[in-house]
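Subject: Structure for you to look at

Hello,

Here is the structure I said I would pass on. Please open it first, then read the notes below it.

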Amino acid sequence: MKKVAFILFIAMLLAACQSPATAQPPAPVETLATSASDFIGIWWYPKAGVKVEYKADGTFRVYGSEAIGELDKGNYSFDAGKLTTISTSSSCTDNPATYEVYVTRQDGNPVSIRLQVVGEDTCQSRAGVLAEEGKFQKP
């Protein structure tokens, strides 16, 4: 009986000495945007070297470094997970396009944006930028 009690005592000591499990941060989760507020802010597209800013007033702008400046601007509408952009200052002015908007969040904060064209985007410069994943910069 003493031997069993001793073994149980050692097992309890070993269990007590183990370090607690380290909590892993929640994995990033991508979801379809449910409102424009899900993507309002500035998104960096590293391959294209541009930023796209979506404002709460329904306008957007695309710009690069100071040397490059503003490349495009216009208006957007959002409905049922779909963003439609209408450029007002580039070669794409007659070519609106619609994209599904997917935002990845981690710990409730936006991390990246992915736009999936609905149908076709005939504006090649816009389609090229939006085909890559954007990284969240700031609100």
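**What was found**

The side chains of T84 and T98 make a polar contact at 2.8 Å. A polar contact is a pair of N or O atoms within 3.5 Å; within protein, one must be able to donate a hydrogen and the other to accept it, and residues adjacent in sequence count only if both atoms are side-chain atoms.

This is a predicted model: local features need pLDDT of at least 70, side-chain atom pairs count only at pLDDT 80 or more, and totals for chains, interfaces and linings use all residues. Residues are numbered from 1 along each chain as its sequence is written, and side-chain values use heavy atoms, with hydrogens and water left out.

T84 lies in strand 6, residues 82-87. The chain has two helices and nine strands (DSSP runs, numbered from the N terminus: helices are H or I, at least four residues; strands are E, at least two). Their order from the N terminus is α-β-β-β-β-β-β-β-β-α-β.

Now the core. The largest nonpolar core has 21 residues, and F39, Y45, Y54, L83, V101 and L115 touch the most other members. Such a core is a set of buried (under 20% relative accessible area, 1.4 Å probe, protein chains only) Ala, Val, Leu, Ile, Met, Phe, Trp, Tyr and Cys residues joined through side-chain atoms within 4.5 Å. Strand 7 gives the most to this core, four residues. Leaving aside neighbours within four places in sequence, V101 is in contact (heavy atoms within 4.5 Å) with residues including F39, L83 and L115.

Regards

Definitions and conventions
Buried means under 20% relative accessible area, exposed over 50%, partly exposed in between (1.4 Å probe, protein chains only).
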